[in-house]
Amino acid sequence: MKNNIVVELKDVCFSYTNISVLESINITIKEKDFLSIIGPNGGGKTTILKIILGLLEPNKGMVYVFNASAKKARKHIGYLPQHISFDFDFPISVQEVVLMGRLGKRGIGRKFTETDVSVCMQVLEKVGMQKYKNSELGKLSGGQRQRVFIARALSTEPRLLLLDEPVSSVDTQWQQAFYELLHDLNKEITIVLVTHDISVVSTYIDKIACLNKKLYYHGSKKEGMHKISEMYECPVQLITHTPTHDPSGESDK
Ligand code: ADP
């Protein structure tokens, strides 16, 4: 892999109709980065993930994922979308849901192999859900279901994990465990986490970019490139945050 580069967007522009959603986006994501993309609702966060996945083609610019086209690289990407359409009344077990993630490797209609089942068990163990493998998905709590969906994304054995607003619908207790899990996964996998809430950018996340049509990259904490004060001066104004984090006190007014 050239210079350990996982994703490279060069001057990417995108619009769904005639309204511009992404303008001249440039970013390089390197191997084992843990990048959080933050910004207001409608800022283009989901759209940028779909471009990296090759589900949307930019109107202008270049997209490279693992030095190939986004579509070609898709098999190396695990994706947890913001909204998962699932009929929770449908009687399907946790193990079956996770195995569905292997369909891309196996192909529809083919039998799952021992390897598929073994990978499925490993990822369920990783997310702490192995003992629920025979439970019905619909009978689990929101946090437990989310772990199962993460396990499904991991069952593809991805080298890049894209997560879209993963903590928006789960309790705060699970959020902490969730970030610990991501921190652990990041030892092996590059992670891009999208959120509209700066308060969830925990100590685990290293690199931050703000997106509202344009992308403002704040670099790495380790390299001392971004400071929380700089984040508040970012032209992306509509980041939601808790007043306690606002050094200017502007949000209290
Ligand atoms: P975010 O994830 O930051 O909330 P999105 O990427 O979902 O933002 O959306 C960016 C903009 O594109 C919004 O104005 C949204 O209404 C618009 N948009 C998203 N999906 C579509 C679509 N399929 N067709 C037309 N407009 C869309």
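**Notebook: the ligand shell and a helix pair**

I started with the ligand and looked up where its shell comes from: helix H1 (residues 45-52) gives the largest share, three residues. A reminder to myself: this is a predicted model.

Next I listed the neighbours. The ligand is surrounded by Tyr16, Val21, Pro40, Asn41, Gly42, Gly43, Gly44, Lys45, Thr46 and Thr47. I then sorted these shell residues by type and got three nonpolar, six polar and one charged.

Then I checked some distances to oxygen atoms of the ligand. For Thr47, a side-chain N or O atom is 2.5 Å from a ligand oxygen. For Lys45, a side-chain N or O atom is 2.8 Å from an oxygen atom of the ligand. With Gly43 I had to look at the backbone instead, where an N or O atom lies 3.1 Å from a ligand oxygen. I also looked up how much of the ligand is covered: taken alone it exposes 570 Å², and the protein buries 54% of that.

My last entry is about two helices. I noted that two packed helices are described by the angle and the distance between their axes. How do the axes of H6 and H7 cross? I found that helix H6 (residues 142-154) and helix H7 (residues 172-185) have axes that come within 11 Å and cross at roughly 15 degrees. Angles under 35 degrees count as roughly parallel, so I wrote down H6 and H7 as roughly parallel to each other. Their crossing is right-handed.

How values were computed. Residues numbered from 1 in each chain as written. Predicted model: local features only at pLDDT ≥ 70, side-chain atom pairs only at ≥ 80, totals over all residues. Heavy atoms only, no water. Near = heavy atom within 4 Å. Polar contact = N/O pair within 3.5 Å; in protein donor to acceptor, adjacent residues only side chain to side chain. Areas by Shrake-Rupley, 256 points an atom, 1.4 Å probe, with all protein chains shown as cover. Helix = DSSP H or I, 4+ residues; strand = E, 2+ residues; numbered from the N terminus. Nonpolar A, V, L, I, M, F, W, Y, C, P; charged D, E, K, R; others polar. Axes fitted to C-alpha atoms, helices over the stretch in contact; angles between N-to-C directions. Parallel < 35°, antiparallel > 145°, perpendicular 65-115°, else oblique. Left-handed = near helix turned anticlockwise from the far one by under 90°.
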